[in-house]
Amino acid sequence: MTEKTVLIEISRLTKVYGTGQAAMEALKGIDLRIDEREFVAVMGPSGSGKSTFMNILGGLDTETSGAYRFRGVVVGQLTRNQRARLRRYYLGFVFQGFNLLNRTSALENVELPLIYRGLPTRVRREKAMRALETVGLAQWKSHTPGELSGGQQQRVAIARAIVTEPAVLFADEPTGNLDRSRSREIMDLLVELNGRRGLTVVMVTHDPDTAGYAGRVVRFVDGLIESDEPNGRVS
Amino acid sequence: MLWNMILLAFKELKRNVMRTVLTILGIVIGVAAVIVMVTVGEGATAQVRQQIASMGSNLLMVTPGKRMGPGQSTAQTPFKQADAQAIYREITSVAATAPVSVKSIKAIFGNQNWSTQVTGADNQYWLTSNRTIAAGRAFTDHELKSGAAVAVIGETVKEKLFDGQDPIGQKIRLEDVSCEVIGVLEDKGQNTMGQDQDDLAVIPLATFQRRISGSQDVGMIMISVQDGASTEKAKADIERLLRERRHISASDEDNFNVMDMKEISKMLTGTTQLLTALLSAVAAVSLLVGGIGIMNIMLVSVTERTREIGIRLAIGALEGEVLAQFLVEAVALSSLGGILGIVLALIGSLAISKIMNVPFILNLSIVAIAFLFSAGVGVVFGYFPARKAARLDPIEALRHE
């Protein structure tokens, strides 16, 4: 076991939507630390604040109070563009609804984040091809999302997330739209990426089976962490 | 990055060809209209200028009857040859005066016939109308005085009647007068109104008066002012002299009209320029409307592609990059309109120049300006939708269906 390095550190994080009477407290004070190479599942019923929490972790939203440090950087103090750069260079996203560009081939979808890194076309193609090979879709590179199954689409999305070699992969209900066997394929892929490549994975799910693949399970209830325990599986 | 954006923009525009075409139609029409107007306008102006130059800018034309506006004139008291002589005698700045009468007559040679403008004039006519005799000779004094049956013909009459034969010494018939052709005028081409200036036969005024019109009247007097002398002053002097000779009391208006070529030139070019300006304004409005069309479609596009924008923002696109993407698309749209407009304008102005018979003068700077303007329309009207796209909240955008 290598030495543990802190990747994400969260203290007394709150998020309030609206103001005054209509104010809604989505997060009521979260403390959490995630190390590099961890595979964390965030569980909880809808409305427990886990999506809000993921949006803040992903730099898509900002907290009301408290602090979120990513590799020591206080993300809440970054400007909108600085947070965009954080996402571009360090974060990968996988969504429940895949969120691929329709009418655009699998390869081009995977290439997309590299365009924003300003890489030349040839390098982009190579890297995107390698990512597609990693998820086992090399022969599907010219297909558009509409021509792929749900599981294949999610694998393209994963390829797009890992093509930039991010520090962490945020997966929001990655198997929410998939049947059992497709779910297993996706989870096996995530476990492999976590295990073999040492990619940190933070995954939101409400499905206990899916959460079972993670090394650590954090349960949210009503804007607070109810429990935080290892899952038995060594990561 | 920019290249990628341009490729992306055209890919996006190709996706909905019909919409793209309809969107840029306003720009196409606007740009085409501007260029056609300017090109044809400049051609017409150049032609007028050329025409005036060939007529001589120091020409005055005196016609009986006061011009009252289009197609209207007061009852005319015609001029006599004496009026022309008086002007020549009494006004020092006048270099030449040519009393001229014109009638449309069928000229016949052998079995050929051609209806032409038979012009009664004297040798001063060549000077005032800025013409030279290409072959043969002018009238002799004896011919002018005695009213001899001789004619100097224009190039068109020569072609129509003689078909390559040498006309000098041949006899042509004008009504019942058999005239010997003594000279051929140098060809001059068409004038501003598209009239053929070589379609004429000049005979001595005395011959015209005695054997064709049957009266001593003169249709008009052409006057050439001396080089360097003021045409305005000469014009005023002529007016004064003619009022006196025609016994017009101080309270009455002139019953004749002295036209200055400079005025005519100014009037003609002025009209062309005004027309060009007005139509260009219409074209500018069309560009504005086209721009609004682009803004409208870009706003629709931003709404349709909200999810795509959300994805781009989520994976790390900067606000400026999303803004640039949509701006490039708007500019690509409007520039495409500009290019199509230019192509259309080139075809259109070539055709119109041919039909209107004006020289085709392509002003490259106006083409460049029109193109830059159309691209500018894209920037101006694309900015608001692009900014809307760039400012989207990625979370909201990703949730958008």
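**Figure 1. Right-handed crossing of α3(A) and α4(A) in the predicted model.** In this predicted model, helices α3(A) and α4(A) cross with right-handed geometry. Helix α3 spans residues 106-115 of chain A, and helix α4 spans residues 121-134 of chain A. The two pack at an angle of about 120°. Their axes lie 9 Å apart. The pair therefore counts as oblique.

**Figure 2. Residues in the contact between α3(A) and α4(A).** From α3(A), the contact uses Ala106(A), Leu107(A), Glu108(A), Val110(A), Glu111(A), Leu114(A) and Ile115(A). From α4(A) come Arg124(A), Arg125(A), Lys127(A), Ala128(A), Met129(A), Ala131(A) and Leu132(A). By class, 9 of these contact residues are nonpolar and 5 are charged. No polar residue takes part.

**Figure 3. The second largest pocket and the residues closest to its centre.** The volume of the second largest pocket is about 770 Å³. Its lining holds 36 residues. Closest to the centre are Leu101(A), Thr104(A) and Leu112(A), together with Leu8(B) and Arg312(B).

**Figure 4. Helices and residue classes in the lining of the second largest pocket.** Chain A supplies at least two lining residues from each of α3 and α4. In chain B, α1 (2-15), α10 (306-314) and α11 (319-356) each supply at least two as well. The largest share comes from α1(B), with 8 residues. The lining divides into 15 charged, 12 nonpolar and 9 polar residues.

Conventions
Residues are numbered from 1 along each chain as its sequence is written. Chains are lettered from A and ligands numbered from 1 in the order in which they are written. This is a predicted model: local features need pLDDT of at least 70, side-chain atom pairs count only at pLDDT 80 or more; totals for chains, interfaces and linings use all residues. Side-chain values use heavy atoms; hydrogens and water are left out. Axes are lines fitted to C-alpha atoms, for helices over the stretch in contact, and angles run from 0 to 180 degrees between N-to-C directions. Helices (H or I, at least four residues) and strands (E, at least two) are DSSP runs, numbered from the N terminus. Angles under 35 degrees count as roughly parallel, over 145 as roughly antiparallel, 65 to 115 as roughly perpendicular and the rest as oblique. A crossing is left-handed if the near helix is turned anticlockwise from the far one by less than a right angle, and right-handed if clockwise. Contact means heavy atoms within 4.5 Å. Ala, Val, Leu, Ile, Met, Phe, Trp, Tyr, Cys and Pro count as nonpolar, Asp, Glu, Lys and Arg as charged, and the others, Gly among them, as polar. On a 1 Å grid over the protein atoms alone, a cavity is a set of points where a 1.4 Å probe fits but cannot get out, and a pocket is an open set with protein on both sides within 12 Å along at least five of seven lines; lining residues have an atom within 4 Å of a point. Grid points are joined across faces, edges and corners, and a volume is the space filled by probe spheres set on the points.
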